[in-house]
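Here are my notes on the model you sent over.

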Amino acid sequence: MKVMISQPMRGKTEEQIRTERKELVEKLTKEGHDVVDTVFDDFPNGQATPLHYLAKSIEFLANVDCLVCMQGWENARGCRIEEQCAREYGKFIMYL
């Protein structure tokens with residue numbers, strides 16, 4: 001299954017984000033899933049807003065089978081929107 005991870009990111013560095021998700025990516029990969037990398041770093045420096053990141057994540061969500069919501073997703077605005085989109089459009093969702 002092609003999987004996308006929804007992870008709270010506000011106030012975290014890219015390194016912190018990647019470290020938090022590394023174990024989950026390894027677990028999902030061992031289970032046979034293809035995990036899509038949604039830690040975006042290709043925006044021009046200082047020109048991306050949270051809405052830019054959310055727009056890109058929804059674009060990726062359209063092309064996966066499953067959304068995996070990491071712990072704390074319900075407290076992060078972007079994660080809640082990703083979860084709602086996944087639910088409304090019939091994606092399989094796993095909650096951690």
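This is a predicted model: local features need pLDDT of at least 70, side-chain atom pairs count only at pLDDT 80 or more; totals for chains, interfaces and linings use all residues.

**Notes on the model**

1. Let's start with T38, which is buried, with a relative accessible area of 5%. T38 sits in the loop that links strand 2 (34-36) and helix 2. Once its neighbours within four places in sequence are set aside, T38 is in contact with M4, I5, M9, R21 and F60.

2. V36 is worth a look next. This residue belongs to strand 2 and is buried too, at 13% relative accessible area. Not counting residues up to four places away in sequence, V36 touches K2, V3, R21, F60 and V64. As for M70, it lies 34 residues from V36 in sequence, and the C-alpha atoms of the two are 15 Å apart.

3. On to the cores. Which residues make up the largest nonpolar core? There are 11 of them: M4, V36, L61, V64, L67, C69, W73, A76, C79, A86 and I93. Strand 3 (66-69) and helix 3 (77-88) are the elements that give two or more residues to this core. There is also a second, separate core of 8 residues, with V3, V35, C66 and M70 among them.

4. Now the helix pair. The axes of helix 2 (residues 50-61) and helix 3 come within 10 Å and cross at roughly 25 degrees. Angles under 35 degrees count as roughly parallel, so helix 2 is roughly parallel to helix 3. The crossing of these two helices is right-handed.

5. What does each helix bring to that contact? From helix 2 come P50, L54, S57, I58 and L61, while helix 3 supplies R77, G78, I81, E82, C85 and A86. Sorted by class, the contact of helix 2 with helix 3 has 7 nonpolar, 2 polar and 2 charged residues.

6. Last, L96. Is this residue buried or exposed? L96 counts as exposed, because its relative accessibility is 53% and the cut-off for exposed is over 50%. You'll find L96 in the segment after strand 4 (92-95). Leaving out neighbours within four places in sequence, L96 is in contact with L24, V68, C69, M70 and Q71. Take V68 from that list: L96 and V68 are 28 residues apart in sequence, yet 7.4 Å apart in space, C-alpha to C-alpha.

Technical notes. Residues are numbered from 1 along each chain as its sequence is written. Side-chain values use heavy atoms; hydrogens and water are left out. A nonpolar core is a set of buried Ala, Val, Leu, Ile, Met, Phe, Trp, Tyr and Cys residues joined through side-chain atoms within 4.5 Å. Buried means under 20% relative accessible area, exposed over 50%, partly exposed in between (1.4 Å probe, protein chains only). Helices (H or I, at least four residues) and strands (E, at least two) are DSSP runs, numbered from the N terminus. Axes are lines fitted to C-alpha atoms, for helices over the stretch in contact, and angles run from 0 to 180 degrees between N-to-C directions. Angles under 35 degrees count as roughly parallel, over 145 as roughly antiparallel, 65 to 115 as roughly perpendicular and the rest as oblique. A crossing is left-handed if the near helix is turned anticlockwise from the far one by less than a right angle, and right-handed if clockwise. Contact means heavy atoms within 4.5 Å. Ala, Val, Leu, Ile, Met, Phe, Trp, Tyr, Cys and Pro count as nonpolar, Asp, Glu, Lys and Arg as charged, and the others, Gly among them, as polar.
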